Amino acid sequence: MSRFANKVALVTGGGTGIGRAVAEALVAEGAKVVVTGRREEPLKQLAGKYPDAVRYVTTDVTEKGAPANAVRFAIEQFDRLDVLVNNAGMGTLAPLVELDDEALEQTLAVNVRGVLITTREAIPYLSKSGGAVVNISSTLAQASMPGASAYSGAKAAVERITSALAAELGPQGIRLNSVAPGVTETDMSAGIPQEILDGMIAQTPLGRLGRPEDIAKAVVFLASDDASWITGQVLQSSGGLML
């Protein structure tokens, strides 16, 4: 398949987990991809695996000027931008009284401010290409669970940002959608106690945890022309967890 032939994508948090799976899925369908992240080694390894298709820039979406630099780098490398995947995210699951100011600020900065600023910087180029933005949310944006107030609130904001910007940017030909994963086998879920994971699996009709490639397939669909009449939506990729 070559749904992304001659197209360029920027994937934040693209070195590992869901971001890496998204980048590889886009490359498999013909895209040129720029990945960003805070750790250089996984980014460098991914670029080495696809030397003709992947470039990387080590950066943190919370740093002043970093989103603009990432978008500028993508244009310098490939001269256009068709897809933005706002995947960079973080969250600490803990009671609110155990979260200090720094943890709260970082959660909001990565998950909310990073999405807004990176999208803002990409708009001039996405409007030229009639591009698409896919934001990574979470089923916790809609679920209520003790210890998830900061992360749930941040991801709920991502979903509202998605719909608001879909209405705002639709006249410019830009589509925005979100994918909401359930618990997925990534570095972020590695620290969750096994008994909690077992409980999540028991509540999931399809009977397993998600895999990064599961989420990547949903992202690629929404970014592609196959979804050209879809905007402002949240697609859950969770095995039916929320049922």
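This is a predicted model: local features need pLDDT of at least 70, side-chain atom pairs count only at pLDDT 80 or more; totals for chains, interfaces and linings use all residues.
**Exercise 1.** Determine whether Thr-162 is buried or exposed.

*Solution.* Step 1: the relative accessible area of Thr-162 is 1%. Step 2: a residue counts as buried when this value is under 20%. Step 3: Thr-162 is therefore buried.

**Exercise 2.** Find the residues that Thr-162 contacts beyond its neighbours within four places in sequence, and identify the side chain with which its own side chain makes a polar contact.

*Solution.* Step 1: with those neighbours set aside, the contacts of Thr-162 are Asn-135, Leu-176, Asn-177, Ser-178, Gly-232 and Gln-233. Step 2: the polar contact joins the side chains of Thr-162 and Asn-135, at 2.9 Å.

**Exercise 3.** State how far apart the C-alpha atoms of Thr-162 and Glu-29 are.

*Solution.* Along the chain, the two residues are 133 residues apart.

**Exercise 4.** Describe the largest nonpolar core and say which element gives the largest share of it.

*Solution.* Step 1: this core has 30 residues, and Val-179 is one of those with the most contacts inside it. Step 2: at least two residues each come from β1, α1, β2, α2, β4, β5 and α7. Step 3: α7 gives the largest share, seven residues. Step 4: another core, of 26 residues, lies apart from this one and includes Val-158 and Leu-165.

**Exercise 5.** Name some residues that Val-179 contacts, leaving aside its neighbours within four places in sequence.

*Solution.* Among them are Val-134, Asn-135, Ile-215, Val-219 and Leu-235. Asn-135 is also in contact with Thr-162.

Conventions:
Residues are numbered from 1 along each chain as its sequence is written. Side-chain values use heavy atoms; hydrogens and water are left out. Buried means under 20% relative accessible area, exposed over 50%, partly exposed in between (1.4 Å probe, protein chains only). Contact means heavy atoms within 4.5 Å. A polar contact is a pair of N or O atoms within 3.5 Å; within protein, one must be able to donate a hydrogen and the other to accept it, and residues adjacent in sequence count only if both atoms are side-chain atoms. A nonpolar core is a set of buried Ala, Val, Leu, Ile, Met, Phe, Trp, Tyr and Cys residues joined through side-chain atoms within 4.5 Å. Helices (H or I, at least four residues) and strands (E, at least two) are DSSP runs, numbered from the N terminus.
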